[in-house]
Amino acid sequence: MNFAYRLSVSAIALTMMTGASFAQDIQIQNSEWWQNAGQKFDGVTLRGVTESTPASNYVADVLAPKFEELTGIDVQIETTSWDQMYDKAIKDMEAKTGIYDMVYIEQDIIYAYLSRNFLVNLTKALDENAELKAPEYSEENFTSFVENFRGEGGGLYGVPMEAFIKVYLYRTDLFNDPDVQAAFKEKTGKDLKPATTHADYAEIAEFFTEYGKANDMDLWGTTAQAHTGHPASWYEYFESVAPTYGVYNWGIDASNNYAATVENGGTMNSPEAKEALKWWLSMRDIAPPESVQSTWTEVATTFAAGRAAQGLVYGENAAWIATDEEKSRVVGKVGVALPPLEPGVMEEAESGEGYIGYYDGGAFGLPVTSKNQDAALLFMQFMALPEVQEDWAAAGSRITLTSTYDTAKVMEVDKELGGYYSMLRDDGKLFKGAPEYPFHRQVIEATSPTFYEILTGSIGPDEGLDMMAEKAEAELKNLGYRK
Amino acid sequence: MQSNRLGWILLAPTLVILFFFGVVPFLYVLWLSFHQWNPFALDPTIVYNGADNFRALVFDSGFLSSLGVTIAFVFFAVLSELIIGYLLAQAFLKEFPGKAFFRTIHTLPLIMAPIIVGSIWKLMTTPSIGIIPSLLDSWFGFDLNIGTSAVAAFTVTVVMDVWHWTPLVTLTLIAALVSLPADPFEQAQIDGANKRQIFWHITLPMIAPALLATVFIRLMDALRTVDEVLMLTGGGPGSATRYLGVHIFKEVFPKTNYGYGSAVSIIVLYLTIVSCWLLYVALIAPRNKKA
């Protein structure tokens with residue numbers, strides 16, 4: 001393999017780790033209102049903590065300075081790793097230190113935060129402080145994703161700031177290449193097009209891995225988020241792969257005493273779950289070698305480096321992969337499709353009984369321990385203004401207001417992305433966020449050591465899933481949810 | 001009396017800080033270790049559970065596995081750091097061109113935050129695209145994959161620790177070596193002792209206190225390694241590098257199992273004290289007795 005090429009791939013990874021900066025000029029329509037609203041908070045500094053993602057980096061680099069320019073309120077947004085972000089936010093709220101005025105709430109943690117009464121009811125707070133309510137801010141503006149952040153009584157506990165689906169990305173330059181198409185036809189007897197079933201996906205993946213090897217290319221047939229020591233692999237299997245086999249909500253049945261084992265009524269170790277895991281492991285085996293150390297970030301980097309022909313990639317990375325020439329080698333060569341499915345799964349998703357993949361995203365919440373709640377309410381509304389959404393959507397592949405779909409830049413990027421935003425709008429309902437459990441990390445940490453052993457081959461997938469289902473039930477019993 | 005009071009006044013700020021940032025957290029962890037507390041449990045209150053956490057430790061295969069790999073990690077890392085640190089200290093005592101430059105370069109890892117060290121080594125060792133696997137593959141056809149090979153991951157964590165902390169050992173030993181009196185060495189040479197005899201019978205005993213202090217510091221640090229390893233391997237592949245520090249981190253922070261995590265922390269503290277005491281008894285006490 002070309003050494004310089006490898007170095008450049010490492011450089012892309014390094015660029016991703018340092019984040020991005022944006023320099024768009026945003027025009028706020030009712031700037032006078034914001035100036036007046038900010039006057040009484042002179043000298044206030046708001047502090048927020050969030051995960052370092054393209055969408056969050058935009059908040060830190062563009063929205064925070066713009067807000068300060070308008071209102072005079074200083075906003076310091078700390079962007080850090082996913083683990084650190086939770087660590088800092090939870091410690092701050094648990095210890096009631098009041099360091100942070102805004103915390104990132106990923107869709108899957110909101111239920112845990114609500115159960116601990118960590119967050120302010122924003123709907124109620126704005127109703128009670130009418131002078132703080134921005135004229136252009138309305139909960140009606142949000143997409144249906146906002147429903148994930150409502151609590152008791154329908155109150156909103158977080159302002160959505162990113163929302164995306166985990167999509168099936170593929171390389172249009174390879175899929176549309178006549179020579180590649182001919183080679184695929186010769187090998188399989190089929191036309192080369194994005195897969196709709198797992199069997200087709202595997203066939204395409206195997207073809208491209210062999211094709212890369214035969215032509216001395218750094219090309220593999222699929223990505224795999226298969227880190228052997230980080231929960232990213234756990235997430236990929238349970239939230240993106242297992243549902244495509246009809247195993248939903250991690251295989252835990254909340255309505256049946258939180259059962260996880262088949263014996264007790266769960267599906268974590270069901271035949272479908274085992275089949276899904278074996279399929280995914282077989283894909284991992286023909287993915288680029290770095291996949292065993294890949295979280296969501298590295299999967300995007302791998303795809304952007306042109307090392308995979310197809311893969312399941314978090315939508316938050318889709319825009320920069322498809323459009324940013326400084327970071328991506330596959331600009332203009334990316335198509336999107338729905339994930340491959342087993343028969344019957346699409347019907348279940350359409351009827352609302354199941355889902356076909358992961359709908360992720362997050363919001364900014366206001367901790368009850370914040371010492372600057374009023375000023376923070378202003379910033380959170382600022383993030384939800386229609387006029388700040390267009391550039392933000394183009395930079396971070398995220399849409400949280402329905403009006404954003406029709407903006408010029410989003411429609412332009414949508415074309416370059418092969419219709420990603422259209423898919424988010426039209427098919428978003430087929431995807432689902434994490435289950436509404438208040439014990440996410442607890443169950444993940446209880447079962448992930450076994451999952452990592454499955455990945456290393458120390459334990460077989462069948463035996464491993466049996467063990468994981470038992471451990472999940474034991475942990476849930478220990479936590480008091482399972483009786 | 002006057003100077004005694006002045007001494008206490010001067011010490012007071014340090015003692016106050018030590019009390020609030022050292023003694024109080026320790027007592028809190030000790031108290032928590034006898035309780036069951038997970039804020040995300042159905043009942044998030046703190047419940048006294050006696051010695052249950054410590055009893056559970058004995059049967060916790062995850063903890064026992066972590067203990068095993070941690071002992072191996074500490075042994076290989078600290079021993080390597082001592083040997084390489086001593087050799088480098090001896091080298092830096094001699095004059096050679098560019099000595100100041102090399103000594104500065106050699107010391108640079110010390111000023112880097114562990115999380116940065118972990119990030120750099122992650123970039124350098126990412127399977128296939130990292131510079132180290134790439135060069136090993138090009139030069140020797142060796143496939144270094146820390147994502148699948150337990151041995152490779154373990155070895156890389158040891159090498160990373162050695163790279164990061166050997167300068168500390170070197171600097172300490174340089175200080176110890178330059179402070180040694182010349183007389184015993186000259187007399188030994190006159191008496192016909194060879195280099196090996198001088199090392200075993202004069203140099204080593206004379207630098208033993210400094211060496212032991214360094215071992216204590218490194219031993220304590222290595223036993224609680226978290227950041228670098230968490231960044232590099234996440235404790236994987238499987239549980240190959242889930243050292244005690246990483247185990248405690250995962251138990252306490254993501255899993256929010258505060259009571260049990262505190263119990264593990266107390267046990268690790270106990271093991272650290274016992275290890276240091278054993279080393280002291282084995283290496284220093286016999287010499288003091290002889291003297």
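**Note on the predicted two-chain model**

1. P237(B) sits in the loop that runs between α10 (227–232) and α11 (244–252) of chain B. The structure under review is a predicted model, and the peptide bond that joins G236(B) to P237(B) is cis in it, with omega at about 0 degrees.

2. The interface comes next. Chain A contributes 39 residues to the contact, and chain B contributes 40 residues. The area buried between chain A and chain B is about 3300 Å², and carbon and sulfur atoms give 59% of that area.

3. By residue class, the side of chain A that touches chain B divides into 17 nonpolar, 9 polar and 13 charged residues.

4. Side chains of opposite charge can pair when their charged atoms come close. Between chain A and chain B the count is 2 salt bridges. One of them is formed by E298(A) with K122(B), where the closest N and O atoms are 3.9 Å apart. The cut-off for a salt bridge is 4 Å, so the distance of 3.9 Å in the pair E298(A) and K122(B) falls within that limit.

5. Over all chains, the count by this rule comes to 32 salt bridges. Among them is a pair inside chain A: the side chains of K190(A) and E203(A) meet at 2.8 Å, N to O. This pair links distant parts of the chain, with the two residues 13 residues apart. K190(A) belongs to the loop between α8 (178–188) and α9 (198–214) of chain A, while E203(A) belongs to helix α9 of chain A.

6. Chain B also carries a nonpolar surface patch of about 1000 Å². The patch is made by V16(B), I17(B), F19(B), F20(B), F21(B), V23(B), V24(B), F26(B), L27(B), L269(B) and I273(B). Which elements give two or more residues to the nonpolar patch? They are α1 (2–32) and α12 (258–283) of chain B. The most comes from α1(B), with 9 residues. F21(B), one of the patch residues, lies in helix α1 of chain B.

Terms used. Residues are numbered from 1 along each chain as its sequence is written. Chains are lettered from A and ligands numbered from 1 in the order in which they are written. This is a predicted model: local features need pLDDT of at least 70, side-chain atom pairs count only at pLDDT 80 or more; totals for chains, interfaces and linings use all residues. Side-chain values use heavy atoms; hydrogens and water are left out. Contact means heavy atoms within 4.5 Å. Buried area is the accessible area (1.4 Å probe) that two parts lose on being put together, summed over both. Ala, Val, Leu, Ile, Met, Phe, Trp, Tyr, Cys and Pro count as nonpolar, Asp, Glu, Lys and Arg as charged, and the others, Gly among them, as polar. Patches are made of residues with over 30% relative accessible area and no salt bridge: like charges are joined within 9 Å, nonpolar side chains (Val, Leu, Ile, Met, Phe, Trp, Tyr) within 5 Å. Accessible areas come from the Shrake-Rupley method with a 1.4 Å probe; for residues, only the protein chains shown count as cover. Helices (H or I, at least four residues) and strands (E, at least two) are DSSP runs, numbered from the N terminus.
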